[in-house]
Every structure is written in structure tokens, then in C-alpha cells.
Amino acid sequence: MTIFSIAPVSERPEETLVDWSVREVLINSETEKTHHLVGYIPFDCYGRVTSKIQAFDRSRMLVKTKSGRIYYLHGAPGSHPDAEYVWRRWTAINDAQDEIDVTNHYWHSNQNT
């Protein structure tokens with residue numbers, strides 16, 4: 001399996017993610033931990049790791065990332081082999097450390113609203 005660049009935000013400003021989770025990491029070049037979506041894009045049939053999460057709309061289960069792209073989280077959190085493969089490669093390429101799964105922070109907060 002290969003890792004490849006995705007379409008620019010101008011071409012694909014919105015995506016839907018399924019089998020999604022949120023991971024917190026410290027990237028070697030950063031000074032603070034960041035949150036990233038890990039999930040599967042059913043339209044294209046591939047895994048995705050997003051840039052840093054900038055905003056989360058609990059009522060619509062919508063995430064805006066640093067790139068400016070909007071992600072709609074469809075269904076309950078989960079895991080997909082393609083997404084996990086991309087995540088492992090992404091963490092190695094970005095020298096990510098101290099990984100924590102923080103999905104419940106996003107999912108449970110939605111369940112209580």
C-alpha cells in the first residue's frame with residue numbers, strides 16, 4: 001500500500017469520514033500536542049489522517065482542520081485497516097510521539113448534548 005497526496009482543499013473542501021477516531025500526538029517539530037482525525041473516506045475508498053483539528057461542531061459532528069477542510073463524521077467511531085495503515089505511516093513520517101486515543105472526548109461530548 002502506498003501513501004499519496006490528497007486533492008487540494010479548493011477541489012475537495014468537504015469530506016465524509018466513517019470508522020473514525022481522534023488521536024492526540026506530540027509532533028517533533030511542534031511545542032504542543034495536537035488532535036488528528038483518523039478514518040476512512042468511503043467515496044474514494046481509502047484511509048485518511050487529517051491535519052490538526054481546529055474546530056469541532058458537536059451538534060453536526062463536523063470538524064474543521066488546519067488545512068481548512070471540513071470533515072463530516074458519519075456514524076459511531078471505529079477503526080478501518082486502511083486508516084490504521086495510513087496512521088502508522090503518518091506518525092513515522094512526522095515523528096509523532098506520545099499517542100493517545102481521545103475519541104471518547106469527541107463522541108461522548110456529542111452524546112450528552
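Predicted model: local features only at pLDDT ≥ 70, side-chain atom pairs only at ≥ 80, totals over all residues.

Colleague: What describes a pair of aromatic rings?

Modeller: A pair of aromatic rings is described by the distance of the centres and the angle of the planes. The structure holds three aromatic pairs, and one of them is formed by Trp20 and Trp107, whose centres are 6.1 Å apart with 65° between the planes, an edge-to-face arrangement.

Colleague: Which parts of the chain does the pair of Trp20 and Trp107 tie together?

Modeller: Trp20 belongs to strand β1 (residues 14-27) and Trp107 to helix α2 (residues 103-111), so the pair ties together parts that are 87 residues apart in sequence.

Colleague: How are the rings of Trp87 and Trp90 arranged, and why?

Modeller: Their centres lie 5.3 Å apart and their planes meet at 15°, so this pair is stacked. Trp87 and Trp90 both sit in helix α1 (residues 81-93), three residues apart, which is about one turn of the helix, and both are buried.

Colleague: What should I expect of nonpolar side chains in general, and where does this structure gather them?

Modeller: In soluble globular proteins, nonpolar side chains tend to be buried together. Here the largest nonpolar core has 14 residues, of which Leu17, Trp20, Val22, Leu37, Val63 and Leu73 touch the most other members. The elements giving two or more residues to this core are β1, β2 (34-41), β4 (53-57) and β6 (70-73), and the largest share, three residues, comes from β1. Apart from this core lies another, of ten residues, among them Ile27, Tyr85, Trp87 and Ala96.

Colleague: Which residues is Leu37 in contact with, leaving aside its neighbours within four places in sequence?

Modeller: The contacts of Leu37 include Leu17, Trp20 and Val22, as well as Arg48, Val63, Tyr71 and Leu73.

Colleague: And how do the elements and the overall dimensions read?

Modeller: The protein has two helices and seven strands, running β-β-β-β-β-β-α-β-α from the N terminus on. For 113 residues, a compact globule would have a radius of gyration near 13 Å, and the protein, at 13 Å, agrees with that. Buried residues make up 42% of the 113 residues, and among contacts with a separation of 6 or more, 60% join residues 24 or more positions apart.

Terms used:
Residues numbered from 1 in each chain as written. Heavy atoms only, no water. Phe/Tyr/Trp six-rings, centres within 6.5 Å; stacked < 30°, edge-to-face > 60°. Helix = DSSP H or I, 4+ residues; strand = E, 2+ residues; numbered from the N terminus. Buried < 20%, exposed > 50% of the residue type's maximum accessible area, 1.4 Å probe, protein only. Core = buried A, V, L, I, M, F, W, Y, C linked by side-chain atoms within 4.5 Å. Contact = heavy atoms within 4.5 Å. Rg over C-alpha atoms; globule rule 2.2 N^0.38 Å.
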